[in-house]
Amino acid sequence: MIRGIRPLLRGSTYTGALFAVCGALASLPLLPFAMLPALAWRSAPYAVQAGLTLVAWAALLGAVGSVRVVRRALVASARRLLGVPLPDPAVGRRPGADRWRTPLWLLLHVGLGWAAALVGGVLLLLGLSLPGDWLRGEARLSLFGRSVQVAGGWWSWVAALACVLAAAGVCAAVTGALRRAAPRLLGPSTAERLALAAERERLLAERNRLAHELHDSIGHTLTAATIQAAVAGEVLAADPAAARAALRSIEESTRAALEDLDYVLGVLREEEPGTAPTRTLADLPELLDRLRHAGAVVEPELSGDLAQVQGTLSRAAYRILQEGLTNALRHGAGGPVQVRVAAGPDGLELSVVNRTGAAGGGFPTSGHGLPGLAERVRLLHGEFEAGPDGPRRWRLAVRLPVRVSA
């Protein structure tokens, strides 16, 4: 019994009933227009006129429900007064199969609102007025032209309480019906759910890509800047020109990293970001120069027409080489770093080979570099290989499918 009474005591039950009654009252301005067909056919029986009015009223409500602004207002009010967690309607054109949902909700809303207003109102009025009449000895109940004479008695208070509870039960039933129907009629449709899932997948993929870009850019810059700063400190007195070159390289690399960082933070904050910084194979000579300023000996081997490698493939190739060279700086044990880039008619081959030391270079790592590279290569349907290549040598080799245009 307590479970049956509990819904009657919830505040959301009566805010939901208020929501339903407000929907009924909001439909009243449409009633004069709905009466026009009945007024035009005055000779029709009363039942026919009433039916025409109800049909016209429902058609007008359906037309109002097809307006997009009305749907957004209904979702917001249902979320607040019914307590149903409804997301905002998806922006864009609704599929034709879903256009009936809002008109159907509006018809249900108005119908239940009038039921709550009429039935619940009559019961509440009876529950509040009958005890006063019965205290005077008797009461006369009149409804729809019929009246009943009721003698007073102690049980009148029981009947009044039953009327009040019945009115509360009507409010609870109306609120429960609206709350169950809201997710189906005001919530996202199947097409909207698929669109939201696709959008979430796109955002996750974009954030994952940005994480890779930031890891590659910032990781390389910090590694190179640390080594270049150490070189500048060592040769500052003996070779000021070399020290100035190292400092200039630090300035250039950190400026590029700051551009990448500003763009990524703008995207993550959902602001309007600027143009995304693009690093392609055309920027490879600058990358190799920064490594030379850091004291590394780089032996590049470039073959094929690299200028014909464009777009996503060129950007991915640059980031792969950047991560490979960063790892060579972190974990290398001196000696030359061999860089090979070969563009063929059906594939782009990349490799970085360096010597490794016993201690791993002394730089802490996050452990995300090689897994991130492997994932990047996999998304491009390429081949990835990284591991020892003979005694104290490490080799990173990647092959990406490409078609070089003439």
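A residue counts as buried when its relative accessible area is under 20%, as exposed when that area is over 50%, and as partly exposed in between. The legends below use these words for a predicted model.

**Figure 1. Overview of the protein chain.** The predicted model shows a chain with 13 helices and seven strands. Of its 406 residues, 36% count as buried. The chain exposes about 23000 Å², and carbon and sulfur atoms supply 63% of that area. Among contacts between residues at least 6 apart in sequence, 70% join residues at least 24 apart.

Figure 2. The unreviewed UniProt entry places the feature "transmembrane region" at residues 12–34, 46–70, 104–128 and 154–178. Residues 46–70 are 92% helix and 0% strand, with 33 Å between the end C-alpha atoms. Residues 104–128 are 100% helix and 0% strand, and here the end C-alpha atoms lie 35 Å apart.

**Figure 3. Surroundings of threonine 102.** Threonine 102 belongs to helix H7, which covers residues 101–135. Its relative accessible area is 0%, under the 20% limit, so threonine 102 counts as buried. Leaving out residues up to four places away in sequence, threonine 102 touches Gly65, Arg71, Leu74 and Leu185. With arginine 71 there is also a polar contact, side chain to side chain, at 2.8 Å.

**Figure 4. A nonpolar patch that includes leucine 39.** Phe33, Met35, Leu36 and Leu39 make a nonpolar surface patch of about 380 Å². Leucine 39 sits in helix H4, residues 36–40. The relative accessible area of leucine 39 is 40%, which lies between the limits of 20% and 50%, so this residue is partly exposed.

Figure 5. Helix H13, residues 369–379, contains leucine 370. Glutamate 385 is 15 residues from leucine 370 in sequence, and the C-alpha atoms of the two are 9.7 Å apart in space.

Conventions
Residues numbered from 1 in each chain as written. Predicted model: local features only at pLDDT ≥ 70, side-chain atom pairs only at ≥ 80, totals over all residues. Heavy atoms only, no water. UniProt positions renumbered as here; feature names shortened; annotations may be inferred. Helix = DSSP H or I, 4+ residues; strand = E, 2+ residues; numbered from the N terminus. Patch = residues over 30% accessible without salt bridge, like charges linked within 9 Å, V, L, I, M, F, W, Y side chains within 5 Å. Areas by Shrake-Rupley, 256 points an atom, 1.4 Å probe, with all protein chains shown as cover. Salt bridge = Lys/Arg side-chain N within 4 Å of Asp/Glu carboxyl O. Buried < 20%, exposed > 50% of the residue type's maximum accessible area, 1.4 Å probe, protein only. Polar contact = N/O pair within 3.5 Å; in protein donor to acceptor, adjacent residues only side chain to side chain. Contact = heavy atoms within 4.5 Å.
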